[in-house]
Each structure stands twice: as C-alpha cells, then as structure tokens.
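Below are some notes on the model you sent.

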Amino acid sequence: MSARPDTDMEVRAHADHHASLRLWLRLLSATTRIEDTIRHRLREQFGITLPRFDLMAQLEREPKGLSMGELSRRMMVTGGNVTSIVDQLEKEQLVQRQPQPGDRRAYAVHLTPAGREAFSAMAIAHESWVVGLLSPLATPQQEQLFQLLATLKTGQANPANSAQ
C-alpha cells in the first residue's frame with residue numbers, strides 16, 4: 001500500500017527551511033505512512049480499526065482489567081470514544097464489563113477468552129508488519145535510531161528545551 005499524497009508531510013519542506021523542521025516533517029511522514037499501512041491491514045485482514053486494536057492491546061497487558069477512565073487516559077481519547085469502542089467490542093463478545101466492587105457506577109473492562117484469542121492473532125500479524133515496515137533499516141540502524149529518538153524524547157521532558 002502506498003501512502004496517500006496528503007499524508008506525505010515532507011513535501012511541505014523546502015531546502016531553505018531549518019533542518020529541524022525538515023526532520024520533523026520527515027519523522028511525521030514516516031510515522032503516518034507506517035500507521036496508514038497498519039490501519040489498512042488491520043481493517044483488511046481482521047475487520048478491526050486501529051483504535052479497537054489499541055484498546056484490546058491495553059486490556060491484554062492488564063489481566064485484571066481497566067476502568068473506562070484508565071482506558072481513556074492511556075489511549076489519550078475522551079471517555080465517550082472509549083465507551084463507543086467498548087460497546088462495539090462487547091457486542092462482538094471480545095470484551096466484557098464487570099462491576100467494580102464498592103462502586104456501582106464503575107466497571108472494569110476485560111478481554112473475554114475469545115477477545116484474547118482474536119487479539120493474539122492480530123498481535124502476531126501486527127508485529128510482523130512492523131518488522132517488515134522497518135526492514136529497510138538494518139538492525140544496527142534501527143538500534144541507532146532507537147537511541148537517537150530516546151535522546152529526543154528525554155530532551156522533551158526538559159521544559160528548558162521546549163521554551164524558546
């Protein structure tokens with residue numbers, strides 16, 4: 001699958017732009033292309049959206065389940081979005097809500113056995129897609145990029161670096 005032309009943010013960059021701006025647009029373009037490919041493959045092979053996959057991934061990591069609020073926080077989306085996704089997955093019997101002890105209004109969301117099985121298949125495919133999409137970089141290059149991005153990420157935690 002090739003990226004849609006409007007997802008190649010790098011076309012906005014010009015040689016006279018600061019190198020940091022060109023780098024930002026290249027990072028954004030690469031990320032968008034990878035995400036678009038993964039979205040397409042999830043939809044095509046599993047009939048699922050990336051947000052639904054992401055929610056299931058959060059639940060897979062937490063066997064005791066997560067509250068709706070915690071899912072919303074982790075996924076960085078509104079509670080309404082999480083409720084809609086959980087409703088859809090519940091109808092397909094991939095997740096279930098269970099009342100939280102001591103709070104009749106709160107629920108913990110869990111993967112059902114069918115949800116765990118479905119997610120396991122999706123996760124295996126997802127990992128192979130990511131490996132393939134990053135394969136143009138040799139393993140040492142991937143490790144170097146990983147370290148460079150860690151430096152960039154750590155720098156973002158320092159408020160002095162972002163205030164200019």
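Which residues have the most contacts inside the largest nonpolar core?

1. The coordinates are a predicted model, and the points below should be read as describing that model. In the largest nonpolar core, which has 25 residues, the most contacts inside it belong to Leu-55, Met-56, Leu-59, Leu-71, Val-86 and Leu-89. Two or more residues of this core come from each of α1, α2 (50-60), α3 (68-75), α4, β3 and α5. Helix α2 gives the largest share, six residues. As general background, nonpolar side chains in soluble globular proteins tend to be buried together.

2. Leu-55 deserves a separate look. Leaving aside residues up to four places away in sequence, Leu-55 touches Leu-71, Met-75, Val-82, Ile-85, Val-86 and Leu-89. Among these partners, Leu-71, Val-86 and Leu-89 are also on the list of residues with the most contacts inside the core.

3. How many of the residues of α2 are buried? Eight of the 11 are, so this helix is largely enclosed by the rest of the structure. The buried residues of α2 are Leu-50, Arg-52, Phe-53, Leu-55, Met-56, Ala-57, Gln-58 and Leu-59. The list therefore includes Arg-52 and Gln-58, which fall under the 20% limit that defines burial. Over the protein chain, buried residues make up 26% of the 164 residues.

4. On the overall layout, the protein chain contains seven helices and three strands. Read from the N terminus, the order of elements is α-α-β-α-α-β-β-α-α-α. Of the contacts in the protein chain with a separation of 6 or more, 47% are between residues 24 or more positions apart.

5. The three strands form an open sheet in the order β1-β3-β2, and the pairing is antiparallel. Its edge strands are β1 (66-67) and β2 (95-100), each of which pairs on one side only. Helix α4 (residues 79-91) packs on the sheet and touches β2 and β3, with its direction at about 115° to that of β2.

6. The strand pairings can be checked individually. Two bridges connect β1 with β3 (residues 103-111) in the antiparallel sense, and Ser-67 stands opposite Ala-108 in β3. Between β2 and β3, which also run antiparallel, there are six bridges. Pro-99 stands opposite Tyr-107 in β3. The hairpin formed by β2 and β3 has two residues between the strands, and Gly-102 in the turn has a positive phi of about 85°.

7. Two residues other than glycine have backbone angles to inspect. Met-76, although not a glycine, has a positive phi of about 55°. Met-76 is in the loop between α3 and α4, and at 75% relative accessibility it counts as exposed. Gln-93, likewise not a glycine, has a positive phi of about 60°. Gln-93 is in the loop between α4 and β2 and is exposed, with a relative accessible area of 59%.

8. How many aromatic pairs does a search of the whole structure find? The search finds two. One of them is formed by Phe-46 and Trp-129, a tilted pair with 6.2 Å centre to centre and 50° between the planes. Phe-46 lies in helix α1 (residues 19-46) and Trp-129 in helix α5 (residues 113-133), so the pair ties together parts that are 83 residues apart in sequence.

9. Trp-129 counts as buried because its relative accessibility is 8%, against a limit of 20% for burial.

10. Helix α1 also holds Thr-32. Thr-32 is buried, with a relative accessible area of 16%. A polar atom of the Thr-32 side chain lies 2.8 Å from the backbone oxygen of Leu-28.

Technical notes:
Residues are numbered from 1 along each chain as its sequence is written. This is a predicted model: local features need pLDDT of at least 70, side-chain atom pairs count only at pLDDT 80 or more; totals for chains, interfaces and linings use all residues. Side-chain values use heavy atoms; hydrogens and water are left out. Two strands pair if DSSP finds at least two bridges between them. Helices (H or I, at least four residues) and strands (E, at least two) are DSSP runs, numbered from the N terminus. Contact means heavy atoms within 4.5 Å. Axes are lines fitted to C-alpha atoms, for helices over the stretch in contact, and angles run from 0 to 180 degrees between N-to-C directions. Rings of Phe, Tyr and Trp (its six-membered ring) pair if their centres lie within 6.5 Å; planes under 30 degrees apart count as stacked, over 60 as edge-to-face and the rest as tilted. Buried means under 20% relative accessible area, exposed over 50%, partly exposed in between (1.4 Å probe, protein chains only). A nonpolar core is a set of buried Ala, Val, Leu, Ile, Met, Phe, Trp, Tyr and Cys residues joined through side-chain atoms within 4.5 Å. A polar contact is a pair of N or O atoms within 3.5 Å; within protein, one must be able to donate a hydrogen and the other to accept it, and residues adjacent in sequence count only if both atoms are side-chain atoms.
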